[in-house]
Amino acid sequence: MRALDLGYMLDLVPVILGYVPLTLFMAVVSMLAALVLASLLAIVRVQRLPVLDRVVALFISFFRGTPLLVQLFLFYFGLPQILPAMEGINGVSAAIFGLTLHFAAYMAESIRGAILGVDRSQWEAAQSIGMTQGQLLRRIILPQATRTVAPTLMNYFIDMIKGTSLAFTLGVTEMMGAAQKEAAGSFLYLEAYLIVAIFYWVIVETLSVGQRALETRLGKAVAR
Amino acid sequence: MSGEVRIEGLVKQFGDNTVLAGIDLELEPGERVAIIGPSGTGKSTLLRCLNFLDRPDAGRIAIGDLSVDAARASKADVLALRRRTGFVFQNYALFANKTARQNLMEGLTVVRGWSHEDAAAKADDILRQIGLGDRGDSYPAAMSGGQQQRVGIGRAMALDAELMLFDEPTSALDPEWVGEVLDLIRRIADGNQTMLIVTHEMQFAREIADRVIFMEGGRIVEQGPPSQIFGNAQDDRTRAFLRRVG
């Protein structure tokens, strides 16, 4: 047994810190894209649009039913073999692509549940004043669904941040990839992985503070 | 604003259950008609079919110069009908994510395309009329049932509908709030507003309505001025019902 090399860990802080932007970039871009996609998928499901509804159900089933790592390998190593358009796709793009589709599938179901959870009287009131289906979704239903689904979406975002670590398997040097390289050179695996673990932890905890602030803001319409 | 209303042969079925068995009804501009009758006889469904919250299976609905064949109503027809009717819900159904003022403005800005300023001015004017001039920034959850229902009525008023539909507007209210809501409806009625009111408040129906309709089993059984329906009903079913509630 040996002592923890704290000095080495401190030395790694600036190294890992340099890769925080790439990790956050992948997570934020994937999250925004997944939010848009998931909302569209949820609306297709709620409105039971013919044919599209079936396609979306299949999409959700596949991306929830298979591991994220397998999906990333499919996008990075698999599909480029048959799709010329994807040839030479870089790891970051493939990771963003995979994270987006994977999490959109999960989030779509949560958003659909939140939309259906909005009281029927809210739909009817919006219809009664002559709103179109698009107006009532955008103005009345989605804002209320957002409030209920926000904590769940935040959980997915947290999961997504951690999910970006899988990008290192596609050759991307992000936080995890950087720790991996350092460990391979120094053989101080414990220190390297511990420091990267702490980095993820701090990022997620910082977000949780933001989450509480956001929920307070979204909750003001129901506060007495 | 006030429109003439003509309803012909309105039919609504839920599965095998015929809820409206061919309703014919005409309202003159400014006429106030109250609908009474036992629960489950299609009173609310009639109202909800007029603006397609429930889609009627057959019949014709005409409001002002708009005439819609229920069986083949397009999306545009439905929107047009809704834009000529105001609907007051039993459970208020205020937009929970909007303040009282925003509830009144929503139809003006989003549906009518008014500017924010014009809509806000009109909303504030209506808030004063409904006695809530100081509650414009309150969210529904922070208001009493009576206040919420007054906003619900204000939301319908804001659109200057040709026909106002009231679906048991006081049924969900605590007794202490019923009076203020009925007072408000009386005041709107004085403004020559064509209205159709489903209500369990017999006294209210008697004093506000130009005509009272008794419905049972999805049909209009009897109709006439309040004095006739409440004082000298011709049909046994009407008399039996009034004895039960009276």
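This is a predicted model: local features need pLDDT of at least 70, side-chain atom pairs count only at pLDDT 80 or more; totals for chains, interfaces and linings use all residues.
Student: What kind of unit do β7(B), helix α6 (residues 175–190) of chain B and β8(B) make?

Tutor: Together they make a right-handed β-α-β unit. Residues are numbered from 1 along each chain as its sequence is written, and chains are lettered from A and ligands numbered from 1 in the order in which they are written.

Student: How many helices and strands are there in chain B?

Tutor: Chain B has 9 helices and 10 strands. These are DSSP runs, with helices being H or I of at least four residues and strands E of at least two, numbered from the N terminus.

Student: Which strands form the open sheet of chain B, and in what order?

Tutor: The order of its 6 strands is β6-β7-β8-β3-β9-β10, with mixed pairing. Two strands pair if DSSP finds at least two bridges between them.

Student: What makes β6 (85–88) and β10 (219–224) of chain B edge strands?

Tutor: Each has a single partner strand, so one side of each is left without a neighbour in the sheet. For β6(B), the parallel pairing with β7 (residues 163–167) of chain B runs over 4 bridges, with Leu163(B) in β7(B) as the bridge partner of Thr85(B).

Student: How do you know that β7(B) and β8(B) pair?

Tutor: DSSP needs at least two bridges, and these strands have 4, in the parallel sense. Phe166(B), for instance, has Ile197(B) in β8(B) as its bridge partner. Strand β3 (residues 32–36) of chain B also pairs with β8(B) over 4 parallel bridges, and there Ile35(B) is partnered by Val198(B).

Student: Why are both faces of strand β8 (residues 195–198) of chain B said to be covered?

Tutor: In a regular strand the side chains alternate between the two faces of the sheet. Here Met195(B) and Ile197(B) on one side are buried, as are Leu196(B) and Val198(B) on the other. Buried means that 20 or more other C-beta atoms lie within 10 Å of a residue's own; exposed means 12 or fewer, partly exposed is in between, and C-beta atoms are placed from the backbone.

Student: What makes Thr164(A) count as buried?

Tutor: The cut-off is 20 or more, and Thr164(A) has 25 C-beta neighbours inside 10 Å, so it counts as buried. Thr164(A) lies in the loop between α7 (133–163) and α8 (175–186) of chain A.

Student: What makes α3(B) mostly covered?

Tutor: In α3(B), 10 of the 12 residues are buried, including Leu104(B), Met105(B) and Leu108(B). What covers them includes α7 of chain A together with α4 (116–129) and α5 of chain B.

Conventions:
A crossover is right-handed if, with the strands pointing away from the viewer, the path from the first strand over the helix to the second runs clockwise. Two residues are in contact if their C-beta atoms, placed from the backbone, lie within 7 Å.
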